[in-house]
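Hi everyone, thanks for coming. Today I'd like to talk about aromatic rings and how they pair up. Let's have a look together.

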Amino acid sequence: MGYNTRRNSSSAGNATQPAASGLISQLRTATKPVHQSLEQHPILQPLLSPVLTREDYRRVLIAFADFYRILEPPLLDELIRVTDQQNTTYHYRPRWPLLQDDLRDLGTMIDTLPSVTPALPSMENTGALLGVLYVLEGATQGGRIIAPHLARTLGLDADCGVRYFRVYQQDTWQQFKALLTCYDGLLDDKAVTHSAVQIFNMLYQHLDHYLPSDRTDP
Ligand code: HEM
C-alpha cells in the first residue's frame, strides 16, 4: 500500500473530532513524518493490501509481540507513578497478552519463536513516558481500519486472531487525551515529542529484523 491513511481515511478520519490543542497537537505534528514512514515499512505495508496473506499478518504479530513483551514491564512500572499523581480514569490495557492470544489463534506458540530484543526508550521522566504512551494509544486508531480489513481478507475477528487490532476504545483514547491535557504547560513539550518520535523510529528499526530473508529490494 503506497499511501498514507493517517488523517485521510474516511472510516477513521478526523471529520468529527474537535480541533486538538496543546501537547496533543504538537505530538500530531511532530510524529506525522515518522508515522508515514512506519506505515510504509515493508512489514506493515501488506496489512491493508487486498492480497494480504496469513503469513504476512503472522509476521506483523510476531514483530509486535516481541516489541511489547520488552516494552510493557517497565512501561507499566512507570505508569503507576503517573496515574497515582493525577486524578485520572485512564487505564492502559497491556497488548502483549492480546498479541500472544492472536498468535495462538494462528497456530503459533510465542515462546518457541526467535526473539530480537528491541532498544528501549527511557521512561523514567514523565514527559518521555507520555510520549511513548501517545504512540501506543494512538496506534489503536489505525486498528479501526486494519481490523475490518483483516476480517474481509483473512476471515479473522476480535474472538479469533484480531484482539490486538481491535483494542481501540473511544473512552480510553478520550481518557488518555484528558490525562495529557492535565500536563499542558507543566512539562518540557520537546521532551514529550522527542520521546514519541524516538519510539516510532525504534519500532521501525525493530521491524527491520523481521523482513523475510528472501526479500530483495526493487
Ligand atoms: C499499516 C499501519 C498503520 C495504519 C494504516 C495506520 C493508520 C492510522 C490512521 C487512519 C490514523 C488516524 C488518523 C486520524 O484520525 O486523523 C492513525 C493515527 C495514529 N497512528 Fe497509525 N497506522 C498504522 C500504524 C501505526 C503504528 C505501528 C503506530 C505506532 C506504534 C501508529 C501510531 C499512530 C498514532 C500515534 C496516531 C495519532 C493519533 C492521534 O493523535 O489522533 N500507527 N494511524
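Let's start with Phe 67, which is buried, at a relative accessible area of 2%. Buried here means under 20% relative accessible area, exposed means over 50%, and partly exposed is in between, using a 1.4 Å probe and protein chains only. Tyr 68 is buried too, with 4%.

A quick note on the background: this is a predicted model, where local features need pLDDT of at least 70 and side-chain atom pairs count only at pLDDT 80 or more, while totals for chains, interfaces and linings use all residues. Residues are numbered from 1 along each chain as its sequence is written, and side-chain values use heavy atoms, leaving out hydrogens and water.

Now, the pairing rule. Rings of Phe, Tyr and Trp (its six-membered ring) pair if their centres lie within 6.5 Å; planes under 30 degrees apart are stacked, over 60 edge-to-face, and the rest tilted. How many aromatic pairs does this rule give? The count is ten. In one of them, the ring centres of Phe 67 and Tyr 68 are 6.2 Å apart and the planes are at 90°, so this pair is edge-to-face.

Next, Tyr 134 and Trp 173 make a tilted pair, with 6.3 Å between centres and 40° between planes. Tyr 134 is buried, at 4% relative accessible area, and Trp 173 is buried at 4% as well.

Finally, back to where we began: ring pairs link Phe 67 and Tyr 68 with Tyr 57, Phe 64, Tyr 164 and Phe 165 into a cluster.
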